[in-house]
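Visitor: I'd like to go through this one term by term. Could you show me the structure and tell me what the labels rest on?
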Amino acid sequence: MHTVNILNSIVQDHQVLAYLVIFIGLVFEGEIVVITTGILSHLGALNFWVSLIFILCGGAAKTFGGYYLGGLLHKHFNHITFLKYLERRVNFFMPRLKERPFWSIFISQFIMGVNYLVIIYCGYTRINYKTYLKADLFSTLIWAPLLLSIGYFFSETALSYTKEINKFSLIILLLVIVFLLFDKL
């Protein structure tokens with residue numbers, strides 16, 4: 001338990017930086033950041049509710065920033081071959097995005113790696129902004145607490161087996177890999 005306490009004290013001593021990393025990290029890599037935050041919340045290094053607020057704010061920043069980035073890409077670079085390729089890939093993964101934008105955007109939040117493409121694509125193709133906001137913000141309100149709770153559960157499971165950081169980290173890594181494999185299926 002001593003090594004887990006060291007991890008706790010490091011994060012607790014730098015909580016402002018930890019919350020900033022959560023906010024910025026969520027914009028670029030959401031799933032791993034939220035699960036790790038849940039683990040640190042269970043260990044007592046971070047406050048669960050404050051973490052959830054920062055996760056939701058990071059999700060909102062991703063929502064607005066991604067749509068805006070898609071609009072900029074369309075305005076300045078819509079003739080680039082690579083963007084046309086990405087457009088075909090999004091249409092492959094989300095074939096009904098233009099017909100049913102709400103449910104396509106909502107479901108994309110729960111598919112690892114697809115959500116970022118869908119968010120940018122929505123700005124690129126100028127999907128109705130109100131529908132886009134409703135779908136993405138509603139899915140984030142469900143996704144964030146769910147993944148935060150999964151991280152919390154992973155930590156509880158790992159701590160029930162071991163109190164040493166190296167074994168604890170290995171168990172967490174294995175649980176995250178299982179989660180990612182389950183997400184891919």
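Predicted model: local features only at pLDDT ≥ 70, side-chain atom pairs only at ≥ 80, totals over all residues.

Visitor: Which residues is Leu-52 in contact with, leaving aside its neighbours within four places in sequence?
Guide: Those are Ala-144, Pro-145 and Leu-148. Leu-52 and Pro-145 sit 93 residues apart along the chain, yet 6.8 Å separates their C-alpha atoms.

Visitor: Why is Leu-52 called buried?
Guide: Buried means under 20% relative accessible area, exposed over 50%, and partly exposed in between (1.4 Å probe, protein chains only). Leu-52 has 10%, so it counts as buried.

Visitor: And why does Ser-41 get the label buried?
Guide: Its relative accessible area is 8%, which is under the 20% limit, so Ser-41 is buried. Leaving aside neighbours within four places in sequence, Ser-41 is in contact with Leu-46, Asn-47, Phe-48, Ser-51 and Tyr-152.

Visitor: What makes Arg-96 and Glu-99 a salt bridge?
Guide: The rule asks for a side-chain nitrogen of Lys or Arg within 4 Å of a carboxyl oxygen of Asp or Glu. Here the N to O distance is 3.7 Å, so the pair qualifies. A search of the whole structure finds one salt bridge. Arg-96 and Glu-99 are both exposed.

Visitor: What is the volume of the largest cavity, and which residues line it?
Guide: About 30 Å³ of space lies in there. The lining is Gly-30, Glu-31, Lys-62, Gln-109, Gly-113, Asn-115, Tyr-116 and Trp-143. As for the term, a cavity is a set of points on a 1 Å grid over the protein atoms alone where a 1.4 Å probe fits but cannot get out, and lining residues have an atom within 4 Å of a point. Its volume is the space filled by probe spheres set on the points, which are joined across faces, edges and corners.

Note on methods:
Residues numbered from 1 in each chain as written. Heavy atoms only, no water. Contact = heavy atoms within 4.5 Å. 1 Å grid on protein atoms, 1.4 Å probe; cavity = no way out; pocket = protein on both sides within 12 Å on 5 of 7 lines; lining within 4 Å.
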